[in-house]
Amino acid sequence: MIKLTKYPSPDQWEELLARPYSDNAPLMASVKEIIAAVQAKGDTALRHYTAQFDGIELADFQVGRAELEQAGNLLTDELKAAIQQAKQNIEAFHRSQHKSEDAVETMPGVLCWRENRAINKVGLYIPGGTAPLFSTVLMLAIPAALAGCAEIILCSPCNAKGTIHPAILYCAQLAGVHKVYKIGGAQAIAAMAYGTQTVPAVYKIFGPGNQYVTAAKQLVQVAGIAIDMPAGPSEVCVLADAAANPAYVAADLLAQAEHGPDSQVVLVTTSESFVQSCLEEIEKQVIHLTRKDIALRALSNSRVILVKTMLEAVQITDQYAAEHLILHCENADEIAVQIKNAGSVFIGPYSPESIGDYASGTNHTLPTNGYARAYSGVSTDSFVKKITYQKLTKDGLNNIAKTVMVMAEEEGLQAHAAAVKIRLGNQ
C-alpha cells in the first residue's frame, strides 16, 4: 500500500519525490528497431507489427467514411450528449486562447508584430488498450481545428476484429479529424513521423501512450520531428489539511491510480489525523474498483508526506511539479496563487481532477515527470507557430541604423553593417 513519511527534512525531498524508475534500455532498443523497419518498409512493416501486436492482418489501415459515420449509432444517446457537452466546453475554453497581438512601434518608424500560422500537418495518437481514451480525441483535435491545421490525422490501435472503439471514431468525426488510421504503438509514431505509402508524414505529433509510444516520441524528436511534450506515467498530487474531506481525497487519489500500474499519487498534508482517515478511506474504496489490481500496484509506488506547516507543504508540492495538483484545504484560492510548478490546478473540495480530464474545458494533455517546471499543457498555441514581422520606414531605418552598425562591427560581421549602410547612402 501507499508509503507514509513523517516530517522529512528538505534534503530528503528529492528522494521522496522521485518518480518510479525502470531501466528502459532494452525497450529503447526494441523501439529503435520498429522505427527503422517502418522507415525502410513502410506499410509492409505496419502490417507485420499490427499482426504481431494486435492479432489481425489488415489490408487497409484507413478507417472508411461509412465506418466513421456508423460509429455514432453504436453509442448510447446519453454518451453522445455527454461528449457533445464536453466538446462545447473544451471549444469555448480553447477558442479564447486564439488571439491576435497588436503591432508595437519600438521606436519611431520601426514596427514589429507577431502573427499565428497553423502547423499544416499534425498527427494525434490515441491509446486504445485497456482504457480507450476517446476524451483525448476532443482534447487534441478541437484545438488543432481551432488553430486551422490543414491536415489532422489520427492513429489508434484496433482490436482483434479490426475495429477501433466507436467512441474514438465518433469524437474524431465530431472534432474535425480528417483521416483516421488503425495503427497503434511505436509503429504508429514512426508512420506519422516519416510517412508510409498510406500514412502521410506530419510536422508535429501529439498524444499520450504506453512506454513504447513514449519512447518512440522521444526518438523521433531527436531526429527532428516535433512532439507536444516529454511524457511519462500519469500522476496527481493532493495538498490537504485537517479541514479536507478524507473520502473526497481518497477518491481523487484512486482516480489517478487506476490509470496504470506505473502511475503515481502523492498526498502532502499538515494533519496526522487526516492521514489515518484518508488511508482508511482508500482501503474502503479500492475494493469496489474494476481496476483494483492496477490501482493497488500504482499505490505501491506512491507517497503520503506529512509536514509541519502549509508553507512547507507548498514548497514540497512545487518541487514535485505535478501533472495534476488538487488543493483541498482552507484558503485554497490564496494557496493557488503561490503555486509555481504544476500542469493543471484544481481548487477546493468540489473540483475533482476527473472534471478536468473530461469536460470542464481545460486540456488534460499535461506535462508529467516533473516537466511542469518548464512545460505547459497542450493548448491552441501548441498547434500554431508565431511568426515575427518587422517593417521600417525610411526614417525608421535612419533612427536605428547607427545602433545596428555599431553592434555588427563590434561582432566582426561587416556585411551586416554594410546591409544597413548601403541603404543610407542611396537615400
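This is a predicted model: local features need pLDDT of at least 70, side-chain atom pairs count only at pLDDT 80 or more; totals for chains, interfaces and linings use all residues.
User: How many disulfides does the rule give?

Analyst: The count comes to zero. Cysteine 155 is another case: its closest cysteine sulfur, in cysteine 158, is 11 Å away, too far for a bond.

User: Is cysteine 278 buried or exposed?

Analyst: Here we use relative accessible area: under 20% is buried, over 50% is exposed, and in between is partly exposed (1.4 Å probe, protein chains only). Cysteine 278 counts as buried, at 1% relative accessibility. Cysteine 155 is buried too, with a relative accessible area of 0%. Across the protein, 47% of the 427 residues count as buried.

User: Is lysine 87 buried or exposed?

Analyst: Lysine 87 has a relative accessible area of 16%, so it counts as buried. To see its surroundings, look for contacts, meaning heavy atoms within 4.5 Å. Not counting residues up to four places away in sequence, lysine 87 touches Leu138, Ile142, Leu174 and Ala175. Lysine 87 itself sits in helix 5 (residues 77–95).

User: How many helices and strands are there in the protein?

Analyst: Helices (H or I, at least four residues) and strands (E, at least two) are DSSP runs, numbered from the N terminus. The protein has 17 helices and 14 strands.

User: How many residues of helix 7 are buried?

Analyst: Helix 7 (residues 166–175) is mostly covered, with eight of its 10 residues buried. Among them are Pro166, Ile168, Tyr170 and Ala175. The buried residues of helix 7 pack against helix 4 (65–70), helix 5, helix 6, strand 5 (151–155) and strand 6 (179–181). Just past the end of helix 7, glycine 176 takes a positive phi of about 100°.

User: Which residues have the most contacts inside the largest nonpolar core?

Analyst: A nonpolar core is a set of buried Ala, Val, Leu, Ile, Met, Phe, Trp, Tyr and Cys residues joined through side-chain atoms within 4.5 Å. The largest one has 73 residues, and Leu124, Leu154, Val180, Met192 and Phe383 have the most contacts inside it. Helix 6 (residues 134–147) gives the most to this core, with eight residues. A second, separate core has 25 residues, including Ala298, Leu299, Val304 and Ile326.

User: Now the sheets, please. What is the strand order in the sheet of six strands?

Analyst: Strands of a sheet pair through backbone hydrogen bonds, either parallel or antiparallel. Two strands count as paired if DSSP finds at least two bridges between them. The six strands form an open sheet in the order 1-11-10-9-12-13, with parallel pairing. Strand 1 (3–6) and strand 13 (344–347) are the edge strands, each pairing on one side only. Four bridges join strand 1 to strand 11 (residues 303–306), and lysine 3 stands opposite arginine 303.

User: Which pairing does the open sheet of three strands show?

Analyst: The pairing is antiparallel, in the order 2-3-14. Strand 2 (104–107) and strand 14 (384–392) each have a single partner strand, so one side of each is left without a neighbour in the sheet. Strand 2 and strand 3 form a hairpin with two residues between them, and glycine 109 in the turn has a positive phi of about 85°. Three bridges join strand 2 to strand 3 (residues 110–118); valine 104 stands opposite cysteine 112, and glutamate 105 has leucine 111 as its bridge partner.

User: Which helix lies across these strands?

Analyst: Helix 16 (residues 394–410) lies across strand 2, strand 3 and strand 14, and runs at about 95° to strand 14. For such angles, axes are lines fitted to C-alpha atoms, for helices over the stretch in contact, and angles run from 0 to 180 degrees between N-to-C directions.

Note on methods: Residues are numbered from 1 along each chain as its sequence is written. Side-chain values use heavy atoms; hydrogens and water are left out. A disulfide is a pair of cysteine sulfur atoms within 2.5 Å.
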